[in-house]
Amino acid sequence: MGKLFTIGDSISQGFRSGCTAFTENCYSTYLAKALKLNEINYRFLRWPEEKLKFDLERIFRLIQTRYGTDINGMEWARILFDISTFLDKAEEFYERGGGALGLPIQGYTHDFTDNCAVEGMRVADAWEVTPSLCEERIREDPSGLSNNKGFAVASKPFYRAAYRVLNPQASTKYQEYSAIRWLQNAAELEGVDNLILWLGANNALGTIFDLRVKMTPGTSASHGSRKNQQSPDYNLWHPKDFEHDYKLLLEKVIAALQHNKTQDWKAYVGTVPLVTIAPMLEGFGEARLVDDPEVPLGQAARQFRYYEYYKFYGVNESTAVQDEQKFMRFRDALFIDKVIIEYNKTIRSLVAKKNSQLQREAFVVVDIANVLSDMAWKRNSGMPSYEYPQELQWMYPPLNTKFYRVSADGVITDGGIFGLDGIHPTVIGQGIIASEFLKAFREHGSAPSGASIDWARVINEDSLRQSPIAVLHDIVEVDQAIDFIIQAVSLLGK
């Protein structure tokens, strides 16, 4: 039950409520604790108080502390100024302060981290993105040299986050180390027993930020490469292009583990969730029941609920329909889901082929996509079939995948699985993902039978659950607040 290593994106990094990152509350960290791994067998970065993007939870708590839970319209000018000042401190830290490019992470003494996940990482980024590429992209952006006014965050946040993850000591020695290269390094120096590999969501997630589909050509080649600055701004990878990249990913993982000190390693591969389930998208208009798109036509045992239109949560319906840029149509939501379903078929097929070539079950598919589909509240017409872990089944208020809502007197009325950005999980949501990976670890001999998630710890560390933000009741009714939230959430896709 030795060394664990993770390659993934925002969820695997511990991203929540709009900001980078709480890796201490990430599913893989809770899994490592269940496996009794210490910080030598699973090292991870602890991010400072300043976050690279919009820390929605801290911002709303700041508003509640200063202005109470009943905000009048006149106070919003002061609130927006306070938010700008709050963001300015983080921008200063990452562009010109202690978190700036080229400085080692304070208090972190290791050359690398065993959690090489970065918010925004696509499949090909696992081997293409290196500290040198990050440095090049950051330095060529003139906005990173000055103090930007308004709702500004540090320039090139993806590259700044990736630089810190891939080179925490800011050493010239590691400038060409990608996540895959660090996997090789850990395997050869220490041995990697278990790898978590969960990528693919960001090959489709941009569609819900843009509310539009901009698809790669489908020529079975690498598209949207971050190395090519002239590459079109795609937000949905054609299944053929996804297959090309994912096949390369598995081949590079196998090559990186060729001289692994642990010969019987296992890689646990997460499937890609349907991004349209995220409560950031709110359906409206005519409801439409569609046979489960993952099942051949006429064979579905269940139906999913879709809507005529989709908009960002909180945006007025009449406002959305007046501007085609502010809503997504039913046909697009269903198309995106079908593309992602094809991604997951590809993942299962490629994993089966690699296992056959290796003559053992080295790769194990962990079907997180199906877990979330079973859990989705609106998609299942208010009757989700997912069975929560025993420790969560009788929580009150009960958990659901709807947008987090709190009454004026501070009682949670909805949500609990997704954070304030409506995309990333809460701490409890991370715990659920950890429990699903732990099930797979147990079934395939990577965890002792008695290993379990410390649910008391997980629940206690979920601040949205332990200390509901009552001011949200007021905020969701205010257009200025919704505009700010949309700005913050839209930035996640950059």
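# Helix packing and selected residues in a predicted model

Ala 376 sits in the loop between helix 13 (368–375) and helix 14 (390–393). This is a predicted model, where local features need pLDDT of at least 70, side-chain atom pairs count only at pLDDT 80 or more, and totals for chains, interfaces and linings use all residues. Residues are numbered from 1 along each chain as its sequence is written, and side-chain values use heavy atoms, with hydrogens and water left out. Helices (H or I, at least four residues) and strands (E, at least two) are DSSP runs, numbered from the N terminus.

- Ala 376 has a relative accessible area of 2%, so Ala 376 is buried. Buried means under 20% relative accessible area, exposed means over 50%, and partly exposed lies in between (1.4 Å probe, protein chains only).
- Not counting residues up to four places away in sequence, Ala 376 touches Ile 277, Pro 384 and Thr 401. Contact means heavy atoms within 4.5 Å.
- Ala 376 and Pro 142 are 234 residues apart along the chain, and their C-alpha atoms are separated by 42 Å.

**Helix 13 with helix 15**

- Two packed helices are described by the angle between their axes and the distance between the axes.
- Helix 13 and helix 15 pack at an angle of about 130°, and their axes are 11 Å apart. Axes are lines fitted to C-alpha atoms, for helices over the stretch in contact, and angles run from 0 to 180 degrees between N-to-C directions.
- Helix 13 is therefore oblique to helix 15. Angles under 35 degrees count as roughly parallel, over 145 as roughly antiparallel, 65 to 115 as roughly perpendicular and the rest as oblique.
- The crossing of helix 13 past helix 15 is right-handed. A crossing is left-handed if the near helix is turned anticlockwise from the far one by less than a right angle, and right-handed if clockwise.
- Helix 13 brings Ile 368, Val 371 and Met 375 to the contact, and helix 15 brings Ile 432, Ile 433, Glu 436 and Phe 437.
- By class, this contact of helix 13 with helix 15 has six nonpolar, no polar and one charged residues. Ala, Val, Leu, Ile, Met, Phe, Trp, Tyr, Cys and Pro count as nonpolar, Asp, Glu, Lys and Arg as charged, and the others, Gly among them, as polar.

**Helix 3 with helix 4**

- Helix 3 (residues 56–67) packs on helix 4 (residues 76–96) at an angle of about 135°, with the axes 11 Å apart.
- Helix 3 and helix 4 are therefore oblique to each other, and helix 3 passes helix 4 in a right-handed crossing.
- Helix 3 makes the contact with Arg 58, Ile 59, Leu 62, Ile 63, Arg 66 and Tyr 67, while helix 4 uses Arg 78, Ile 79, Asp 82, Ile 83, Phe 86 and Leu 87.
- The contact of helix 3 with helix 4 has eight nonpolar, no polar and four charged residues.

**Helix 6 with helix 7**

- Helix 6 (residues 131–139) and helix 7 (residues 157–166) have axes that come within 9 Å and cross at roughly 150°.
- That makes helix 6 roughly antiparallel to helix 7, and the crossing is left-handed.
- From helix 6, Pro 131, Leu 133, Cys 134, Glu 135, Arg 137 and Ile 138 meet Tyr 159, Arg 160, Ala 162, Tyr 163 and Leu 166 of helix 7.
- The contact of helix 6 with helix 7 divides into eight nonpolar, no polar and three charged residues.

**Helix 2**

- Helix 2 (residues 27–34) is mostly covered, with seven of its eight residues buried.
- The buried residues of helix 2 pack against strand 1 (4–8), helix 1 (10–13), strand 2 (194–198), helix 15 (427–443) and helix 16 (455–460).

- Helix 12 (residues 330–358) has 29 residues and reaches 42 Å from its first C-alpha to its last, close to the 42 Å expected at 1.5 Å a residue. The expected span is 1.5 Å times one less than the number of residues.
- Lys 354 lies in helix 12, and Lys 354 counts as buried at 8% relative accessibility.
- Ser 356 is also found in helix 12, but Ser 356 counts as exposed at 55% relative accessibility.
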